[in-house]
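Please look over the sequence and the model before reading on.

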Amino acid sequence: MRTSLVIALAVCLAFAIPAYQANAQGHATKHGTVNLTTSCNEQAQQHFDTGLALMHHMMYEEAAQEFTAAAEASPDCGMALWGIAMSYIHPLWGERPSDDNLQKGKAAVEKAQQQAQMTEKEKAYVQAVTRFYENWENTPYADQLKAFEQGYKEVHTAYPDEVEAAAFYALGQLATAPKTDKTFSKQQEAGALLEQLHAQNPDHPGLFHYIIHAYDNPLLANKAVKVSREYERIAPDVPHALHMPSHIFVRLGQWTDAVDWNIRSADAALRQSPKETVSMHYPHALDYMAYGYLQQGQDKKAQAVVDKLEAAAGYTPTFATAYALAAIPARHALERGKWAEAAQLPVRSPQNFTWYKYPGAEAITYFAKGIGGARSGNTAVAEEAIAALDKLRTQLKGAGETYWAAQVEAQQMTVQAWLAYQKGDKEKGLALMREAADKEDALDKHPVTPGAVLPARELLGDMLLLSKKPAEALQAYETSLKVSPKRYNSLYGAALSAERTKDKEKAKRYYAELLQISPEADESRESWAHAKNYATKK
């Protein structure tokens with residue numbers, strides 16, 4: 001009997017010790033473990049923990065609901081008000097909060113500052129987010145993000161063992177990292193900090209999420225593969241958490257994984273959407289899903305994604321939503337080389353969406369129409385697209401949206417290049433196309449996007465091939481593949497260029513790689529049939 005008691009006690013201790021350690025390390029929720037103890041009551045703390053975990057997953061609306069519940073459970077809870085203010089800030093989504101939300105956020109931090117029972121650490125957190133809202137009416141959004149970064153850097157410096165402060169500081173670094181820095185120095189610095197924290201806090205949602213964003217670039221993507229594949233362990237039903245690994249899968253050309261994870265993300269997002277609107281996480285997942293299908297040559301499945309996008313109604317107005325609404329149909333036409341179809345794409349579809357707020361997304365449709373018009377001989381459509389892109393570029397530049405203004409400038413130049421080429425001025429077309437490719441290559445992709453709708457460097461390869469310059473075309477395609485590995489059209493272009501330069505070994509290698517990523521491509525793709533014939537001949 002004594003032996004039985006000893007064994008039973010040992011078993012209890014075996015289970016009790018890990019449970020104690022988990023509690024000591026942080027507050028476990030069904031969305032991961034966070035670590036920020038507040039001076040609020042127990043009920044408020046529970047809502048706060050859930051809100052904090054959801055905020056790290058970038059489920060901002062759901063997080064705001066939890067922080068509001070925390071404030072209701074404990075009216076003197078200053079950190080609940082901090083959470084409400086933080087939920088309006090989406091540092092990586094590429095859009096400034098609305099004036100209404102900025103007013104609400106500032107009101108929340110001002111109310112938080114009035115709470116008498118806050119600890120010094122809580123005051124530091126409130127002061128960090130206050131920096132973002134200070135004089136917001138007269139502060140450019142880029143400067144607000146710098147203030148966000150600086151605010152959490154100060155909290156991190158004051159409390160170096162505080163994982164939440166470090167995570168938000170790293171997020172701020174990612175938000176302010178220059179899009180023109182191809183060494184990704186700030187991303188590497190943030191990633192190193194996040195990886196160190198992740199080793200000590202293996203269930204923290206923000207560390208999973210922000211590591212993926214830190215390494216969402218061609219230089220560093222391999223560093224995030226393990227984290228990407230483990231993310232679902234702590235958040236198996238969170239739409240954005242199910243989507244995030246595909247950022248890395250797309251960077252590495254792992255198309256099946258990119259599709260599969262976004263199927264799960266889209267299903268979760270649609271299931272969890274409120275009755276009156278469709279969550280922005282749904283079209284966001286569809287965009288990556290469509291992109292993955294198209295790289296595998298599965299055009300019918302990509303069409304089904306277009307149909308799903310059009311079947312839903314009442315989309316939540318965000319930039320990510322606008323981008324997906326424009327990009328999915330544009331990709332579907334352009335990736336398949338259906339130029340006349342691209343030229344006929346409807347503008348501002350669906351019509352009841354607030355397109356005027358998102359000129360960078362609206363430009364995608366005009367870019368697709370312009371390329372389609374130029375390459376199908378519809379000069380009028382191409383010229384209209386050039387004029388529309390110029391207007392949108394001016395609008396973006398005037399609003400201080402320098403990144404998207406530069407992207408639209410590259411798109412406009414690309415359409416001008418193809419129009420000049422179609423009109424017979426091949427040298428001008430090639431010169432403009434090279435300039436457009438250089439402009440686009442100087443910028444990294446935005447976190448919202450899986451990649452360029454149609455890479456300018458790949459389009460340069462197309463133009464060089466048509467100009468019977470296969471050696472130069474091969475170089476353009478190979479450069480494109482360094483940024484976007486295993487893209488179907490870049491692989492096909494590289495293979496065809498190598499074939500035309502009589503480099504049989506390289507042609508066969510590229511055709512084989514194309515067949516490897518697209519084993520179930522639709523029979524309608526003539527490029528796939530050609531690749532198969534060439535790769536299998538002796």
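What covers the buried residues of α20? In this predicted model, the cover includes α18 (339-343), α19 (359-376) and α21 (402-422). Helix α20 itself runs over residues 379-398, and its 20 residues reach 29 Å from the first C-alpha to the last, close to the 28 Å expected at 1.5 Å a residue. Its buried residues are Val381, Ala382, Ala385, Ile386, Ala388, Leu389, Leu392, Arg393 and Leu396, and just after the helix Gly400 takes a positive phi of about 80°.

In one of them, the ring centres of Phe319 and Tyr358 lie 6.5 Å apart with their planes at 55°, so the pair counts as tilted. This pair links distant parts of the chain, 39 residues apart, with Phe319 in helix α17 (residues 319-335) and Tyr358 in the loop between α18 and α19. Phe319 counts as buried because its relative accessibility is 4%, and Tyr358, at 6%, counts as buried too. Phe353 and Trp355 form an edge-to-face pair, 5.2 Å centre to centre with 65° between the planes, and both of these residues are buried.

Elsewhere, ring pairs link Phe48, Phe67, Trp82, Tyr125, Phe148, Tyr152 and Phe168 into a cluster.

Conventions: Residues are numbered from 1 along each chain as its sequence is written. This is a predicted model: local features need pLDDT of at least 70, side-chain atom pairs count only at pLDDT 80 or more; totals for chains, interfaces and linings use all residues. Side-chain values use heavy atoms; hydrogens and water are left out. Helices (H or I, at least four residues) and strands (E, at least two) are DSSP runs, numbered from the N terminus. The expected span of a helix is 1.5 Å times one less than its number of residues. Buried means under 20% relative accessible area, exposed over 50%, partly exposed in between (1.4 Å probe, protein chains only). Contact means heavy atoms within 4.5 Å. Rings of Phe, Tyr and Trp (its six-membered ring) pair if their centres lie within 6.5 Å; planes under 30 degrees apart count as stacked, over 60 as edge-to-face and the rest as tilted.
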